[in-house]
Amino acid sequence: TPSRIRCPKLSKRVMSADEAATLIPSGVNVGMSGFTGAGYPKAVPVALADHIRRQRADGENYRVSVWTGASTAPELDGALAEVDGIEMRLPYQSDPVCRQKINDGQMSYMDIHLSHVAQHVWSGFFGKLDIAVIEVAGITEDGRLIPSSSIGNNKTWIDQADRVILEVNYGQSAGLEGMHDVYYGTALPPRRKPIPITHPDERFGEKYLLCPPEKVIAVVETDAPDRNSKFADPDDNSRRIADHLLKFFQQEVEQKRLPKNLLPLQSGVGNIANAVMAGLNEGPFDNLSAYTEVLQDGMLAMLKSGKLATASATAFSLSPEANQDLADNIEFYKDRIVLRTQEISNHPEVIRRLGVIAMNGMIEADIYGNVNSTHVMGTRIMNGIGGSGDFARNGYLSVFMTPSTARNGAISTIVPMVSHVDHTEHDVQIVVTEQGLADLRGLPPRRRALEIIEKCAHPDFRPRLKDYFERACASGRGMHTPHLLEEALSWHCHFEQNGQM
Ligand code: 0RQ
């Protein structure tokens, strides 16, 4: 294979992952590439974990803080968490070992809106970024970097870090070159200008990441696939959720509240989101577009079938089969996909202007439409808010979806009061479960409660929710958003004590 390091200056910095890892001292802040299991460094974090383990055996308390785009993979989050090597982690993770360490209180975690991360770093809220570790698909003759299968915060990490370690991954399709659009025009107030996007496929940035060669202290060559998790085939619940949503979209088109090709779609992570895309691929809508952060299998299939004309994102998150399809047909997909930095893929201004249809998963919703996306029983983090808040608050439509029960029916995902709130009632318009779809637009709180209980709650829990609501209304307390405070979280307490709500 021909070298992907076409810049002579940088080919002189090639070294092993072990050597590169020793250039990362204890106590530093490290910005790593990676977004939803795509484009994360494959070799240096594992080598760093080994290095930390060895130093720990010699009695040194070696830890670094790890900032990324979003979730990564066992070779990064898993490996570093396993050796207790992470002091503080931000902004989104979905790794089981990390989750355990965070919930056990051994690792700090800051869960931040994905669109906010870059600007918070520019402002220095988290301290200085010392080192960036970035996977790229190649390096051009003049030292520009060909981004990999995600961009995330890479532009910010390279700009802000004093030193940069590059991983050049030969396992990424060389054809990715030209798919990206890296915008260098963002700034802090008062110097901000409008972000020039009026359609998801517009390009106005660079095809490459720009990095002064002097900053690059190491280049490591790798050849390894992304996490590439498989998606489950849509189950009955996901299919029903998708059916309810499609019917709703059709009604909105008939009422002329949505155009025939809908509005740009944003779809969250996971199997339900993927099932909704599968439903749309068989549905009546054509010439669709997507302005989203993650491109999963479902959207790739829609691009292939022609249902989806164009898609903008910051990362792929594909199964091994879909990833192969991407590589085999990269020129076809390159005409239809733009990958951007995450401050642009998730930019509130753009999401509002385009009128994005935001569709995200959730842990639970309460009868008034407040949504918990992140915490099990109010205290234990699952993943993080990710981009769901960027899209929910600013979209034209904000949809949250979940099966109506969890843990084999022991938990109702519709509860009197959410045990943690990520999206307030003001940001939530549509709630969908396999039972039905609640359209909360235009409804005051007590009517929202009746709509959610009737349409979304599981029949095993519906009478108890109704009873709670009626007693709250009769309690003599405030009638705007009636609650029985002494009982509002009793369903969660009951689950913790008895394993059943
Ligand atoms: O647990 O894995 O132990 O079985 O939560 O639940 O039903 O498989 O749903 O994979 O779609 O995830 C909100 C976590 C849903 C996700 C969440 C348990 C359930 C299961 C997963 P097990 P499902 P999904 C763009 C948008 C926030 C970020 C976001 C998420 C596990 O959608 O992380 O939207 N969202 N980003 O058993 C206790 C409940 C539960 C519950 C589910 N009420 N109580 N456990 N579970 N409901 C992408 C990015 O931002 C990068």
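**Backbone exceptions in a predicted model**

User: With 32 C-beta neighbours inside 10 Å, does Thr36 count as buried or exposed?
Analyst: This model is predicted. A residue is buried if 20 or more other C-beta atoms lie within 10 Å of its own. Thr36 has 32 such neighbours, so Thr36 counts as buried.

User: What is phi of Thr36 near, and in which loop is Thr36 found?
Analyst: Most residues other than glycine have a negative phi. Thr36 is not glycine, yet its phi is positive, near 40°. The loop that holds Thr36 runs between β1 (29-32) and α3 (44-57).

User: Is Asn228 buried, exposed or partly exposed?
Analyst: Asn228 also has a positive phi, near 45°, and sits in the loop between β9 and α8 (236-254). Buried takes 20 or more other C-beta atoms within 10 Å, and exposed takes 12 or fewer. Asn228 has 18, so Asn228 is partly exposed.

User: Where does Pro91 lie, and is the peptide bond from Leu90 to Pro91 cis or trans?
Analyst: Most peptide bonds are trans. Pro91 lies in the loop between β3 (86-90) and α5 (96-103). Omega of the bond from Leu90 to Pro91 is near 0°, and the bond is cis.

User: What is omega near for the peptide bond from Pro189 to Pro190?
Analyst: Pro190 is in the loop between β8 (180-181) and β9 (216-222). The bond from Pro189 to Pro190 is cis, with omega near 10°.

User: How far apart are the end C-alpha atoms of residues 324-468?
Analyst: An unreviewed UniProt entry places the feature "domain: Acetyl-CoA hydrolase/transferase C-terminal" at residues 324-468. That span is 32% helix and 26% strand, and its end C-alpha atoms lie 52 Å apart.

Technical notes:
Residues are numbered from 1 along each chain as its sequence is written. This is a predicted model: local features need pLDDT of at least 70, side-chain atom pairs count only at pLDDT 80 or more; totals for chains, interfaces and linings use all residues. UniProt positions are given in the numbering used here, feature names are shortened, and annotations may be inferred rather than shown by experiment. Helices (H or I, at least four residues) and strands (E, at least two) are DSSP runs, numbered from the N terminus.
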